Amino acid sequence: MQCNSVTLTGVQLRGISRNSDFKSLNAGAVLRTGGGFTTARLSDFAGVKLEPSLQPGNFVQTFIEGPVIQRANELWADIPQIAARERLQPMDEIDFDALSFALQHTDAMFCVTIKRGDEWPDAYLVPREKFLIDPAAGVMNYAQGIFEGMKAYRTSEGNIVLFRPFDNAIRAREGARRLAFTPIPEKYFVSAVEKTVKANERWIPPMGKGSLYIRPLLVGTGGILGVAPAPEETFFVYVSPVGPYFKGGLKTIDLLVSDEYHRVPSGACGSVKYIGNYANGMVPAMEAKQKGYSEVMYLDAQNHTFIEEIGAANAFFVKGQDLYTPKLGGTILPGITRRSVLVIAQEMGLRVWETPVTIDFVMNEADEVFCTGTAAVISPVGSITHGCNEKVYNNREVGSVTRALYEALTGIQEQRLPDKHGWVHVIK
Ligand code: PLP
Ligand code: COI
């Protein structure tokens, strides 16, 4: 193979990601080539000094396009020093019938670091592995970080699809702005997600068994002492196959209303997927779980009266033919599932209301309750406890409106139902 046109601008030294020129390769190095090549021999790269453990005839893996696994055996059998080989999990260890929302390490991730304000360069996939970080990094000290949550599905038409990925890209851009990051162009964001999904294709569960959860993450990795944006920022996309977020699939969950904790005050970062919001919710959720509840339902921080969110999901309430969800206003995350459910519900003939929803209404008038999110999909609520009062909905069974919305949403996502709005994005 002739690789004269290859430019060695990026190298992934085990555990260290850096766009730097390099003069020598260590054992465990993974090269990235500038375009088009999927394999190469080290001898194809002129001017590279080799460590004694590497031979000029060795193949290198170049992580550009497509599933890593298909090339892994032929490449990494030849060159045992190459990173990640030992991490490749045989297919028969993946049990798609027993998926929960638990982290699994897959083959490859997208990872690129820039200096604050620089352009996001044409970047690349690397093995999914640990990342060395400066203890003074902005994210470590001042929680400068945002993330997104997306899923790739296999569909009834044999495609691999994303759901409204540009909406995630736009929300990430808003988050980047709020956390003082260099915004990631939407096309770049979606292309990074697509590349990561393709490289981890073997991890996407069969239709009906789960999905590939996708976690784009933008964090301040440059070291900084004063409270200010980090001088370097890293954009990752990693993935994990997942099953249901709440145990048991489409089964009702029990919620506890918190009188003690709030998710975010107004003026904070409630409308973006800021990492600190999730740390803030850990103790409330743990305490609720210890008491036997699945999640916390938060009230607003100012009046302690209006519903905000249910854990990491948006809240919906059904009364007759009316569907209510709390109005966005800076303290609630504008969920993409929420937005989609509002459209689907209207098309099903429900009247939809984005309005402040009081706890009194929820405890006394609602017929059905559910929450929505990429991870939660549509999760029906069986009961809500507020202080000494417990309200049970629909005998703890899934309500008919909740079920119809679930069927409609998942039907579109799995291409079983027509996609009138162009929400389904096929990965080519
Ligand atoms: N609310 C919070 C706090 C979340 O973290 C999420 C998850 O992303 C949602 C709501 C639902 O948003 P989406 O439907 O876009 O996943
Ligand atoms: C999602 O639904 O994608 C989320 O981000 C929820 C997550 C915190 C588990």
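1. The model is predicted, and what follows should be read as computed from it.

2. Ligand 2 first. Its surroundings consist of Phe-101, Phe-147, Gly-149, Tyr-213, Arg-215, Tyr-245, Lys-273, Tyr-278, Ala-312, Thr-374 and Ala-375. Sorted by class, this shell holds seven nonpolar, two polar and two charged residues.

3. The side chain of Tyr-213 places an N or O atom 2.5 Å from an oxygen atom of the ligand. For the side chain of Lys-273, the distance from an N or O atom to an oxygen atom of ligand 2 is 2.5 Å. Thr-374 takes part through its backbone, with an N or O atom 3.4 Å from an oxygen atom of the ligand. Of the 280 Å² that ligand 2 exposes when taken alone, the protein buries 90%.

4. Where does ligand 2 sit? The space it takes is the largest pocket. This pocket has a volume of about 1,000 Å³. Its lining numbers 42 residues, and those nearest the centre are Phe-147, Arg-215, Tyr-245, Tyr-278 and Ala-312. Each of these five is also listed among the residues around ligand 2.

5. Both strands and helices contribute to the lining of the largest pocket. Elements giving two or more residues are strand 13 (211-220), strand 14 (232-242), strand 16 (295-299), strand 18 (313-319) and strand 21 (368-373), together with helix 5 (275-280), helix 6 (282-290) and helix 7 (336-347). The class count for the lining is 23 nonpolar, eleven polar and eight charged residues.

6. The second largest pocket has a volume of about 450 Å³. It is lined by 23 residues, with Gly-210, Gly-243, Pro-244, Val-377 and Tyr-406 nearest its centre. At least two lining residues come from each of strand 11 (150-154), strand 22 (377-386) and helix 9 (400-413). Strand 22 provides the largest share, four residues. By class, twelve of the lining residues are nonpolar, eight polar and three charged.

7. How many cavities of 30 Å³ or more does the whole structure contain? The search finds three.

8. Two or more residues of the largest cavity's lining come from each of strand 11, strand 12 (160-163), helix 7 and helix 9. Strand 11 gives the most, with three residues. The lining divides into seven nonpolar, six polar and one charged residue.

9. The second largest cavity holds about 50 Å³ of space. Its lining consists of Ile-146, Phe-147, Glu-148, Ala-172, Ile-184, Phe-189, Pro-216, Leu-217, Leu-218 and Phe-235. Nine of these are nonpolar, none is polar and one is charged. Strand 10 (145-147) and strand 13 each supply at least two of the lining residues, and strand 13 has the largest share, with three.

Note on methods: Residues numbered from 1 in each chain as written. Chains lettered and ligands numbered in written order. Predicted model: local features only at pLDDT ≥ 70, side-chain atom pairs only at ≥ 80, totals over all residues. Heavy atoms only, no water. Near = heavy atom within 4 Å. Polar contact = N/O pair within 3.5 Å; in protein donor to acceptor, adjacent residues only side chain to side chain. Areas by Shrake-Rupley, 256 points an atom, 1.4 Å probe, with all protein chains shown as cover. 1 Å grid on protein atoms, 1.4 Å probe; cavity = no way out; pocket = protein on both sides within 12 Å on 5 of 7 lines; lining within 4 Å. Sits in = over half its atoms within 2 Å of the grid points. Nonpolar A, V, L, I, M, F, W, Y, C, P; charged D, E, K, R; others polar. Points joined across faces, edges and corners; volume = space filled by probe spheres on them.
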